[in-house]
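Please walk me through how to read the helices, their packing and a few single residues in this model.

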Amino acid sequence: ALLAPDWSKTGLYENDWAELLLAAMLWQCDAETAKQLGAQLQLSAAMTENVLTLQAGARQHSITPQTAPAGVHILHAATVSLEAPESFWDRWPGAPE
């Protein structure tokens, strides 16, 4: 769900959060190291690939809701953005007024 291009599909499952957490924890790893760690942790190939996709998207210099899925924005905010977390969540679609 965190890689879906349609932000209206915001139903998230445990594996979505696990992928996001792993993407942040493995942020400093290159793709080959992340794949090796995924194998050691007995992650599925799909989950490891989703982690790498989240990382690749979050490493882009310019991301917008039109060009990147929600998970990429969350990971970018957690790893490279200098924006205050409350500002990020205030802009989140469906944020309380």
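Q: Where does Gln-42 lie?
A: Helices (H or I, at least four residues) and strands (E, at least two) are DSSP runs, numbered from the N terminus. Gln-42 belongs to the loop between H2 and H3. Its phi is near 60°, a positive value in a residue other than glycine.

Q: Is Gln-42 buried or exposed?
A: Buried means under 20% relative accessible area, exposed over 50%, and partly exposed in between (1.4 Å probe, protein chains only). Gln-42 has 74% relative accessibility, so it counts as exposed.

Q: What should I know about the source of these values?
A: This is a predicted model, in which local features need pLDDT of at least 70 and side-chain atom pairs count only at pLDDT 80 or more, while totals for chains, interfaces and linings use all residues. Residues are numbered from 1 along each chain as its sequence is written, and side-chain values use heavy atoms, with hydrogens and water left out.

Q: How many helices and strands are there in the protein?
A: The protein has 5 helices and 0 strands, and along the sequence the pattern reads α-α-α-α-α. Of its 97 residues, 34% count as buried.

Q: What span should helix H1 have?
A: The expected span of a helix is 1.5 Å times one less than its number of residues. For the 12 residues of H1 (residues 14-25) that gives 16 Å, and the end C-alpha atoms are 16 Å apart, which agrees.

Q: Which residues of H1 are buried?
A: Asp-16, Glu-19, Leu-20, Leu-22 and Ala-23 are buried in H1. They cover an arc of only 165° around the axis, so they lie on the same side of H1; the arc is that of the directions from the helix axis to the C-beta atoms. On the other side of H1, Glu-14, Leu-21 and Met-25 are exposed.

Q: What do the buried residues of H1 pack against?
A: Contact means heavy atoms within 4.5 Å. The buried residues of H1 pack against helix H3 (45-58) and helix H4 (70-79).

Q: How do H1 and H3 cross?
A: Axes are lines fitted to C-alpha atoms, for helices over the stretch in contact, and angles run from 0 to 180 degrees between N-to-C directions. The axes of H1 and H3 come within 9 Å and cross at roughly 55°. Angles under 35 degrees count as roughly parallel, over 145 as roughly antiparallel, 65 to 115 as roughly perpendicular and the rest as oblique. H1 and H3 are therefore oblique to each other. Residues making the contact include Ala-18 and Leu-22 of H1, and Val-51 and Leu-54 of H3.

Q: At what angle do H3 and H4 pack?
A: H3 and H4 pack at an angle of about 65°, with their axes 8 Å apart. They are therefore roughly perpendicular to each other. The contact is made by Leu-54, Gln-55, Gly-57 and Ala-58 of H3 and by Gly-71, Val-72, Leu-75 and His-76 of H4.

Q: Is His-76 buried or exposed?
A: His-76, found in helix H4, has a relative accessible area of 18% and is therefore buried. Leaving aside its neighbours within four places in sequence, His-76 is in contact with Ala-58, Gln-60, Ile-63 and Ser-81.
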